[in-house]
Amino acid sequence: MHFEFEHLGTATPFELPEGVHLLGGGPEDHIRLAGLPSRLLTLRIESHRLLVEATRTFRVQGVSVPAGVARLVLPGEVVGLPEGMSLKVKAPDGDAERQMGTMAVLKHLLTNMEEAPPSRAATLTCLIGADVGRTFALAEASTELGRGKEVAVRLRDIAVSRRHARIRHHEGAFLLEDLDSPNGVYLNGKRVEDAAPLEEGDVIELGRTLLRFQAPMSELPESASAPALEEPPPPVSPSDEGSEEPPRVRWEWWLIGLGATTALVGLLVTYALAA
């Protein structure tokens with residue numbers, strides 16, 4: 001990975017291989033810069049992606065990063081150092097290297113990431129940038145993306161033009177267009193020259209922002225609809241309920257009546273004999 005160290009207006013380019021590198025002013029640092037604290041920065045380079053962690057608060061593109069927090073630094077971003085020094089990550093040359101770097105970053109981001117719930121409208125989810133985590137719906141026939149107030153998808157990225165790109169919905173397809181932006185629009189790491197169709201999971205790169213495209217949920221076919229519930233048994237009417245009970249009840253009352261009659265006859269016979 002290519003870097004550029006700058007101090008007092010003088011830029012010094014250098015290159016680091018994949019692995020873990022320490023930057024600071026101590027004897028154990030791999031990149032020694034006089035005037036810096038020992039082991040100030042830890043640079044982890046893996047598959048064209050760079051994670052920077054510091055022992056004290058540092059700045060990336062002017063934004064503070066707390067000590068001990070690993071920060072993903074993209075090509076073109078500048079890491080601020082003490083004593084007026086800075087470290088810039090050089091952008092790779094050519095679309096092929098850019099595509100490799102973009103897809104390597106995405107592989108890391110999408111690992112163990114929960115899949116977004118399906119939506120009836122197409123959506124864009126911000127993966128990297130000031131709007132990370134935000135989701136934008138593409139409900140209109142034409143949706144413009146940029147930094148200006150008049151666009152539908154407004155990004156807080158100074159590297160994005162006011163009217164940077166457009167997504168058109170035409171005959172069931174979504175097409176990505178560049179609105180002549182200076183920094184260009186990239187789809188899966190490749191610069192968009194003409195209108196490019198979008199597919200599920202495609203990644204759009206504008207400035208320092210990465211957006212993932214999610215296609216709309218299609219209508220469920222009839223075969224996929226919920227199965228019909230079994231028809232419940234017909235309710236038992238009060239007249240039917242306990243239809244077997246009346247004969248049993250009538251039989252018991254008949255026995256009781258017979259016993260009472262027998263007892264009465266016995267009393268009469270006893271009374272007659274006694275008289």
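**Figure 1. Aromatic pairs in the predicted model.** Rings of Phe, Tyr and Trp (for Trp, the six-membered ring) are taken as a pair if their centres lie within 6.5 Å, and planes under 30 degrees apart count as stacked, those over 60 as edge-to-face and the rest as tilted. By this criterion the structure holds two aromatic pairs. The ring centres of F3 and F14 are 5.4 Å apart and the planes stand at 15°, so this pair is stacked. The pair links distant parts of the chain, with F3 in strand 1 and F14 in strand 2 (residues 10-15), 11 residues apart; strands (E, at least two residues) and helices (H or I, at least four residues) are DSSP runs, numbered from the N terminus. Throughout these legends, buried means under 20% relative accessible area, exposed over 50%, and partly exposed in between, with a 1.4 Å probe and protein chains only. F3 counts as buried at 1% relative accessibility, whereas F14, at 22%, counts as partly exposed. The pair of F174 and F213 is tilted, with 5.4 Å from centre to centre and 55° between the planes. F174 lies in strand 17 and F213 in strand 22 (residues 209-214), so the pair ties together parts that are 39 residues apart in sequence. Both F174 and F213 are buried.

The structure is a predicted model, in which local features need pLDDT of at least 70 and side-chain atom pairs count only at pLDDT 80 or more, while totals for chains, interfaces and linings use all residues. Residues are numbered from 1 along each chain as its sequence is written, and side-chain values use heavy atoms, with hydrogens and water left out.

Figure 2. A nonpolar core is a set of buried Ala, Val, Leu, Ile, Met, Phe, Trp, Tyr and Cys residues joined through side-chain atoms within 4.5 Å. The largest such core has 23 residues, of which L23, L41, L43, L50, V79, L81 and L87 touch the most other members. At least two residues of this core come from each of strand 1 (2-7), strand 5 (41-46), strand 6 (49-54), strand 7 (58-60) and strand 11 (86-89). Leaving aside residues up to four places away in sequence, L81 touches F5, L23, L33, L36, L40, L41, S86 and L87, where a contact means heavy atoms within 4.5 Å. A second, separate core of 22 residues includes A122, L155, F174 and I204.

**Figure 3. Strand 17 and its pairing partners.** Two strands are said to pair if DSSP finds at least two bridges between them. Strand 16 (residues 165-170) and strand 17 (residues 173-178) run antiparallel and are joined by six bridges, with R166 having E177 in strand 17 as its bridge partner. In the hairpin that these strands form, two residues lie between strand 16 and strand 17, and E171 takes a positive phi near 50°. Strand 17 also pairs with strand 20 (residues 196-197), in the antiparallel sense and over two bridges, and the bridge partner of L176 in strand 20 is A196.

Figure 4. The strands follow the order 13-12-22-21-18-19, and their pairing is antiparallel. Strand 13 (135-138) and strand 19 (190-191) stand at the edges with a single partner strand each, so one side of each is left without a neighbour in the sheet. Strand 18 (residues 185-187) is joined to strand 19 by two bridges, and the bridge partner of Y186 in strand 19 is R191.

Figure 5. A salt bridge is a side-chain nitrogen of Lys or Arg within 4 Å of a carboxyl oxygen of Asp or Glu, and a search of the whole structure finds nine of them. D131, which is buried with a relative accessible area of 1%, forms a salt bridge with R134 (3.0 Å, N to O) and another with R156 (2.9 Å, N to O). R156 lies in the loop between strand 15 (153-154) and strand 16, and D131 in the loop between strand 12 (122-128) and strand 13, 25 residues apart. R134 counts as partly exposed at 37% relative accessibility, whereas R156 is exposed, with a relative accessible area of 57%. R166 forms a salt bridge with E144, their closest N and O atoms being 3.5 Å apart. R166 belongs to strand 16 and E144 to strand 14 (residues 142-146), 22 residues apart, and both residues are buried. A network of salt bridges links E144, R163, R166, R168 and E177.
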